[in-house]
Amino acid sequence: MSDNVDKYAPREWHPDERPTMPGGPSFPAHSNPRRLAFFLVGTLVTLTGGLGNALVTVNLVNLQGTLGAFSTEVNWLPAAYVMTNVSMNLLLVKFRQQFGLRAFTEAFLMLYALVTFAHLFVNDLGSAIAVRAAHGMVGAALSTLGLYYTLQAFTKAWRPRGIIISTGVSQLAQPIAYLFSSRLLALAEWRGLYLFELGLTLVTLGAVLWLKLPPGDRFKAFRPTDFVTFALFAPGMALLCAALTFGRVLWWTSAPWVGVALAAAIVLIVASIAVEHNRKNPLLNLRWLTNGMIARVFIAMVLVRVVLSEQSVGAVGFLRLVGLNNDQLTSLFAVVLLSTIAGIVFSALTFNPARLMAPQVVALLIMAGGAWIDSHATSVTRPEEMYVSQGLLAFGGVMFLGPLLLTLMGSVITNPGNLITFSVLFGLTQNLGGLLGSSVLGTWQISREKFHSSQLADALSSLDPLVAARIQQYGAAYGRVLTDPASRTRQGIALLTQTQTREANILAYNDVFLAIAVLATLLAAWIFGRALWIDYVAPKAVPAAPAPAPQVSARDGATDSPVSTAAGKPPEPVADPTPR
């Protein structure tokens, strides 16, 4: 047998060592010190991947001056990252399957280090956008790599908890970025951020070269039509991301190119779906995607990303409105960081595979409570008044995402051919869901600000003695520099108008917080109702007759992977894999 055939030949795995999914590592027995090392390296890899984008998104205001960009233009930096990141799992999963984990790990971490190094030579917005786009492509590999390392630290029974922990660790990047990124900017502006990330990336590269993942099976995974699908799907998603980012920034009806981008995105995405629908071995399993359970999980994951945008769009936007910057948000995000860690520990310790819906409902109600508390904000609200609410949102967010991800992964393990579809689906919900949340909440905030401004303007009449007194009070502040009473009156009116606009924005943010509370409550009620339906109404699953174990085919690759069974046994039948 030639070497070309040998490297794709299936291996004989011990049942406890068998890779869980095609393209993933095997699970040999490790000593406790080695398990700890895998956990630390997994945490390091996950944080390295998350901080790359977080350091930019939390400092957009500060980067405007460094790059000489307008406030609207600087939004291209996070958009470019997501535009390339969101579609890369279409190819990355097959890259791991065909070329092996070792090549995947070393190649993409080296590319990540090179792209991070390129950030040090950025001098204008155009070059910054280019390197952010490259960063999104290579950064897509790190979240999966971090998960693989983390899972090596746990025994088979604890691996679901490892997934919860790894998902939670990925949520730590943003609060960590708020804690110290201002000092990096003071050190060397834009380059300060990426000197730190470059050092972190090199440490991570050294760690994964020192502690390598165990090997897994390899398959001939790539097919020529895969690249046709990618050539249609990737630009379609990129245009959709651009439209979602700039629709609220430039306003939907004021920038014609936003509508053109949306139309082109729809055409390209539909074309990629048409290609996949007619393929014998598609990248995306459209039937699985349109399954009722998967559709419900997808909707829930998107909606919860909208709820979680309360922190990045709502709370941070509100605090910046009242004049605070990142330096003054440090204590708030220290609370968020501690709450996220508490959520990780609590979720891992209370995990129950038979009851994955219960923590989702409780988490949503916790987040609804936090958003409702924020809906009472005023112009004198400061970070100290938001410790409890933002802590609840951080805790609830971690508590929700882990069980929901395990709900979706259950149907992937029983049918590994859906792995690529699952990876794309999860990436879409996290990246595109975050953009959708920012877009929807931002649009709602702007609309409500216009409404409240009109209401306040109608109530402010110069004939009202209170309004006249306030104008005179504001104008008196200019008494030492303006001797003309009419000029002082004009300045007083200008200050009153500014105050009116600020208060209208505060009322609009309160409406945003209230809308999030309502959305989280409705989502909790939906999941709870679904759990009751499964318990008391839905027909119970009937065990199916044992089926022969699927065989590995060099032609079909991962689609016929043996990892869908354990020790040659067929997977358990699943009528509706949604846990109660």
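**Burial, helices and contacts**

Trainee: At 12% relative accessibility, does Leu324 count as buried or exposed?

Mentor: Buried means under 20% relative accessible area, exposed over 50%, and partly exposed in between, with a 1.4 Å probe and protein chains only. The value for Leu324 is 12%, so this residue counts as buried.

Trainee: What kind of model is this, and which atoms do the side-chain values use?

Mentor: This is a predicted model, in which local features need pLDDT of at least 70, side-chain atom pairs count only at pLDDT 80 or more, and totals for chains, interfaces and linings use all residues. Residues are numbered from 1 along each chain as its sequence is written; hydrogens and water are left out, and side-chain values use heavy atoms.

Trainee: How many Å apart in space are Leu324 and Arg382?

Mentor: Leu324 lies in the loop between α13 (292-321) and α14 (330-349), where helices (H or I, at least four residues) are DSSP runs numbered from the N terminus. Leu324 and Arg382 are 58 residues apart in sequence, and their C-alpha to C-alpha distance is 8.6 Å.

Trainee: On which residue is the kink in α2 centred?

Mentor: Helix α2 (residues 32-57) has 26 residues and reaches 38 Å between its end C-alpha atoms, close to the 38 Å expected. The expected span is 1.5 Å times one less than the number of residues. The bend at a residue is the angle between axes fitted to the seven residues ending there and the seven starting there. In α2 there is a kink of about 35 degrees, centred on Leu51.

Trainee: Which residue forms a salt bridge with Arg448?

Mentor: Side chains of opposite charge can pair when their charged atoms come close. A salt bridge is a side-chain nitrogen of Lys or Arg within 4 Å of a carboxyl oxygen of Asp or Glu, and the whole structure has 3. One of them links helix α17 (residues 419-459) to helix α19 across 63 residues. With closest N and O atoms 2.8 Å apart, Arg448 pairs with Asp511.

Trainee: In the salt bridge of Lys450 with Glu449, which residue is buried?

Mentor: The closest N and O atoms of this pair are 3.6 Å apart. Lys450 has a relative accessible area of 55% and is therefore exposed. At 9%, the buried residue is Glu449.

Trainee: Which helix gives the most residues to the nonpolar patch?

Mentor: Trp372, Ile373, Val388, Leu514, Val518 and Leu522 form this surface patch, with about 560 Å² of accessible area together. Its members have over 30% relative accessible area and no salt bridge, and nonpolar side chains (Val, Leu, Ile, Met, Phe, Trp, Tyr) are joined within 5 Å. Val518, for example, is partly exposed at 42%. With 3 residues, the helix that gives the most is α19.

Technical notes: Helices (H or I, at least four residues) and strands (E, at least two) are DSSP runs, numbered from the N terminus. Patches are made of residues with over 30% relative accessible area and no salt bridge: like charges are joined within 9 Å, nonpolar side chains (Val, Leu, Ile, Met, Phe, Trp, Tyr) within 5 Å. Accessible areas come from the Shrake-Rupley method with a 1.4 Å probe; for residues, only the protein chains shown count as cover.
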